[in-house]
Amino acid sequence: MELTESQPEQNEVAPAPKSCAFPFQPLESDPWIFSKLCQTLGVEGVQFEDVWSLDEDCLGNLKPIYGFIFLFFWSRSDSEESNEHGVVPDELYFANQVGENACATQGIINLVMNVPGLNIGEKLRSFKEFTNEFSPVEKGIAIANDEELNSTHNKFSRIRGPYRDFSIAQNHPRAKHNQFKKKKYQEGDIDENSVYHYLTYVPHIDGKVWELDGLKRAPRSLATYERNEDWYKNLIPKLQERMNLYSNNNIRFSLLALTQDKQTVLHQKRESELAFMKTIRERLDSLNPDWEKKWAKDQENPDSNMVLLKIEDVTDCQDTNLLYASLEAAVNRADELLGEIEVEQKERQRLEVKKKLWV
């Protein structure tokens with residue numbers, strides 16, 4: 001999205017050159033598209049998920065959450081001051097948006113560049129090294145004029161042609177069951193000062209949560225967090241306030257979370273259960289080499305009220321009945337996780353078939 005006025009407001013970025021070497025097409029706010037875009041750029045081990053609710057259960061199921069991307073219906077009335085001096089904190093990567101329709105890729109880059117330890121791939125790693133000392137505007141210009149970023153971005157666009165920066169395809173409204181999205185897009189909702197736009201929210205090593213808006217001169221600190229708590233805990237009320245405001249005014253928006261790849265999470269959980277089972281079996285072997293015969297009988301009448309063991313308690317446990325019950329629970333959990341892995345694999349295959357014509 002590109003500013004249309006010749007003179008920017010104080011907190012907005014200066015207008016970019018009208019022509020970029022490689023024009024960007026609008027992208028739909030779809031977690032599959034964003035995930036595949038990241039994957040194609042070389043980012044490993046993550047995926048985007050729709051956030052249907054900000055309650056603890058919903059967010060808990062998405063952990064670990066590395067950041068959010070918020071899509072909303074932007075107009076000049078949304079302009080707010082970034083921070084008093086327009087200073088970008090040390091080690092926070094922030095790029096302005098200077099290319100029309102580039103806000104999706106720019107938002108993703110602002111997110112993944114700020115996730116410690118994330119394997120962002122050779123392309124983005126070299127791009128970060130090349131642009132790290134650039135100003136936010138210069139970073140944005142580099143994004144807008146990078147042929148590989150442009151071609152990868154456009155590969156996932158359903159829209160072909162000279163459209164305005166509708167970051168959601170106007171004929172394909174997303175997530176109609178989302179409790180926050182109550183109105184479909186109407187063409188009359190768009191005017192020259194109102195377009196869709198992406199914001200990025202990330203935690204930083206300074207203990208603050210930052211809003212990265214490519215149309216602002218600098219990031220904005222929205223919340224603080226402690227190391228031993230979820231970084232987004234104090235951000236949620238502010239996101240909820242914005243969502244409620246938009247819902248009450250029938251304004252469409254969506255929220256995506258960058259999370260660890262779901263299959264990776266499921267495999268890790270199952271490996272943990274298998275390791276737990278192995279530890280229990282070794283303990284039972286040390287107590288009674290013939291324990292499996294008794295366990296088979298006990299499985300017929302399990303004690304559902306028994307408080308099960310944790311892995312750190314297994315080595316010193318003398319209660320074989322407790323070991324049996326814990327082993328049975330671990331077996332059941334491992335089987336359930338295997339089922340979830342298979343479901344996830346089938347869902348991915350279904351999406352690949354359904355959306356292969358997009359790319």
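How many bridges join β1 to strand β6? Good morning. The answer is five, and the two strands, β1 and β6 (residues 253-260), run antiparallel. Strands here are DSSP runs (E, at least two residues) and helices are likewise DSSP runs (H or I, at least four), numbered from the N terminus; two strands pair if DSSP finds at least two bridges between them.

Please keep in mind that this is a predicted model, in which local features need pLDDT of at least 70, side-chain atom pairs count only at pLDDT 80 or more, and totals for chains, interfaces and linings use all residues. Residues are numbered from 1 along each chain as its sequence is written, and side-chain values use heavy atoms, with hydrogens and water left out.

Let us stay with β1. Within this pairing, Glu49 has Ala257 of β6 as its bridge partner. Strand β1 covers residues 46-50, and four of its five residues are buried. Buried means under 20% relative accessible area, exposed over 50%, and partly exposed in between (1.4 Å probe, protein chains only).

I turn now to the helices. In α3, 10 of the 10 residues are buried, including Cys103, Gly107 and Val112. Helix α6 (residues 147-155) has Leu149, Asn150, Thr152, His153 and Asn154 buried. What covers them includes α1 (31-41), α3 (103-112), α4 (121-131) and α5 (136-144). At the start of α6, the backbone nitrogen of Glu148 has a side-chain oxygen of Asp146 within 3.0 Å.

Which helix holds Glu273? Glu273 lies in α8, residues 262-287. Glu273 counts as buried because its relative accessibility is 14%. Leaving aside residues up to four places away in sequence, Glu273 touches Ala330, Arg333, Ala334 and Leu337, where contact means heavy atoms within 4.5 Å. Glu273 and Ile311 are 38 residues apart in sequence, and their C-alpha atoms are 9.5 Å apart in space.

The elements giving two or more residues to the lining are β2 (65-75) and α5. Thank you.

Technical notes: Polar contact = N/O pair within 3.5 Å; in protein donor to acceptor, adjacent residues only side chain to side chain.
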